[in-house]
Amino acid sequence: MSQTVHPVDEVLPAPKLAVLGLQHVLVMYAGAVAVPLIIGRALKLPPEQVAFLISADLFACGLATLAQCLGFLGVGIRLPVMMGVTFASVGPMLSMAGDPSIGLLGIYGSVIAAGIFGIIVAPFVSRLLPLFPPVVTGTIIMVIGISLMRVGINWAGGGLPFFTQTIDGKMVQVANPAYGQLQGLGIALFVLLVILALIRFGKGFVANVAVLLGIVAGAALASALGIMHFEKVAAAPWFDVILPFHFGVPTFHLVPIVTMCIVMVVVMIESTGMFLALSDMTGKPVDEKALARGLRADGVGTLLGGVFNTFPYTSFSQNVGLVGVTGVRSRWVTVTGGVIMLGLGLLPKMAALVEAVPQVVLGGAGLVMFGMVAATGARILTGVDFKTNRNNLFIVAVSVGFGMIPLVSPNFFKALPHELHPLLESGILLCAIVAVVLNVFFNGVKRSSTEEIVAAAKQAEAH
């Protein structure tokens, strides 16, 4: 008697895989190209080198995604995950970029070292799983969603509300005049309404690709209104090759390496929350061995990033939200997305076409997806005993408060040592640390926590 294939391992028809994979790529594209743009401009690289950084990033995104979803030799969690450059590394890398003795090659050296470090410590981090019972995981996942809402709101607004500029030798915040324009807000609202209408009235596959269809409809409207431009598409070459160490042999410096290894720990803790969220969404249990494989893939992706001229990689939470919206649990969808990312890295003209989609179009979709991540955390918390164990209320309350600090007041920790900023600027990490510590303080460490998480995942699958 043949065993039933789990929805995570189900291979969908090729046309569906292509459309659903493209939907994942569109959702993550803006975030994927943001970091190479920021670092390239900070290093004052010429435009063609910045364009190469973007292509290299897309190519490495594809490689890291395939390593995570397909898996090999103890690497890869084999869940529907898309990998992209982590924003946790931006601050440290900007500091390195500002030091002429380190520069781009020093950044790549620290990224390679951090990748190797991640591969080595993954099994030890995975053993912390008993510290993440539902009251902790639900809180962390909810804060992940809330943190991402800022990204979605800024997309809908048309970018960042303020720019940092140098005026008379001083760094100052300048208001973005294009932010919050009625036209952009209208397009974002249009995309949101299209997605909600398709989810409500669409059937089967149409409902599953509601986000993609909403983005396509928004892009068509933006093009008709003249705010989606194709000059970069016409100027981009059709084909380019991504070779290792394009900029030269990496250099290795102790302080940047230690800093990037700290960032790697931040990435792995955040990834733990993503994996547990996916476990709940897909109904596939995540135990210590699976978690170790997933975290090891983060290390492998970061190592590949350093080799292929890009930066540290992590699981993109935007795409976790998309899994929740569509209900499509097959990892082969994100495998297809990884292949598309590889193609975009090798075909700059196609990458430029995807990049041409305005942020306001993505904003309407972001509000749906990121809200779904927060809703998933809230759903996990509904299974927590708050009635007989009031201490769980304090765990959630205080942890969410700490998680909001970097969002509400970015300069809250400015008086603390600069070396601690990579840890303190991540609301997700702050929430995770506080939730774990408070849970141990109030409830102790129960070895059954792993089994509780597995049981919750099985219950979700049965539902």
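Met350 sits in helix H14, which covers residues 348-355. In this predicted model, Met350 is partly exposed, because its relative accessible area is 36% and that value lies between the 20% and 50% cut-offs.

**Charged partners**

Let us turn to the charged side chains. Side chains of opposite charge can pair when their charged atoms come close. How many salt bridges does a search of the whole structure find? The search finds two.

One of them joins Lys284 and Asp9, with the closest N and O atoms 3.3 Å apart. Lys284 belongs to the loop between helix H10 (254-282) and helix H11 (288-307), while Asp9 belongs to the segment before H1, so this pair ties together parts that are 275 residues apart in sequence.

Asp9 also meets Arg331 in a salt bridge, this time with an N to O distance of 2.8 Å. Arg331 is in helix H13 (residues 331-346) and Asp9 is in the segment before H1, so the pair links parts that are 322 residues apart in sequence. Through shared partners, the salt bridges join Asp9, Lys284 and Arg331 into one network.

Arg331, at 10%, counts as buried because its value is under 20%.

The table gathers the accessibility of several residues met in this report.

| Residue | Relative accessibility | Class |
|---|---|---|
| Met350 | 36% | partly exposed |
| Arg331 | 10% | buried |
| Gln318 | 6% | buried |
| Val85 | 0% | buried |

Val85 is part of strand S1 (residues 83-85), and with 0% relative accessibility Val85 counts as buried. Which distance separates the C-alpha atoms of Val85 and Phe311? The two residues are 226 residues apart along the chain, and their C-alpha atoms are separated by 6.1 Å.

Gln318 has its place in helix H12. The relative accessible area of Gln318 is 6%, so Gln318 is buried. Gln318 and Met372 are 54 residues apart in sequence, and from C-alpha to C-alpha they are 9.8 Å apart in space.

**A cavity inside**

A search of the whole structure finds one cavity of 30 Å³ or more. The largest cavity has a volume of about 40 Å³. Which residues line the largest cavity? The lining is made by Leu20, Gln23, His24, Pro80, Val323, Thr326, Val328 and Val333. Two elements give two or more residues each to this lining, namely helix H1 (14-42) and helix H12 (317-326). H1 gives the most, with three residues. Sorted by class, the lining has five nonpolar and three polar residues, and no charged ones.

How values were computed: Residues are numbered from 1 along each chain as its sequence is written. This is a predicted model: local features need pLDDT of at least 70, side-chain atom pairs count only at pLDDT 80 or more; totals for chains, interfaces and linings use all residues. Side-chain values use heavy atoms; hydrogens and water are left out. On a 1 Å grid over the protein atoms alone, a cavity is a set of points where a 1.4 Å probe fits but cannot get out, and a pocket is an open set with protein on both sides within 12 Å along at least five of seven lines; lining residues have an atom within 4 Å of a point. Grid points are joined across faces, edges and corners, and a volume is the space filled by probe spheres set on the points. Helices (H or I, at least four residues) and strands (E, at least two) are DSSP runs, numbered from the N terminus. Ala, Val, Leu, Ile, Met, Phe, Trp, Tyr, Cys and Pro count as nonpolar, Asp, Glu, Lys and Arg as charged, and the others, Gly among them, as polar. Buried means under 20% relative accessible area, exposed over 50%, partly exposed in between (1.4 Å probe, protein chains only). A salt bridge is a side-chain nitrogen of Lys or Arg within 4 Å of a carboxyl oxygen of Asp or Glu.
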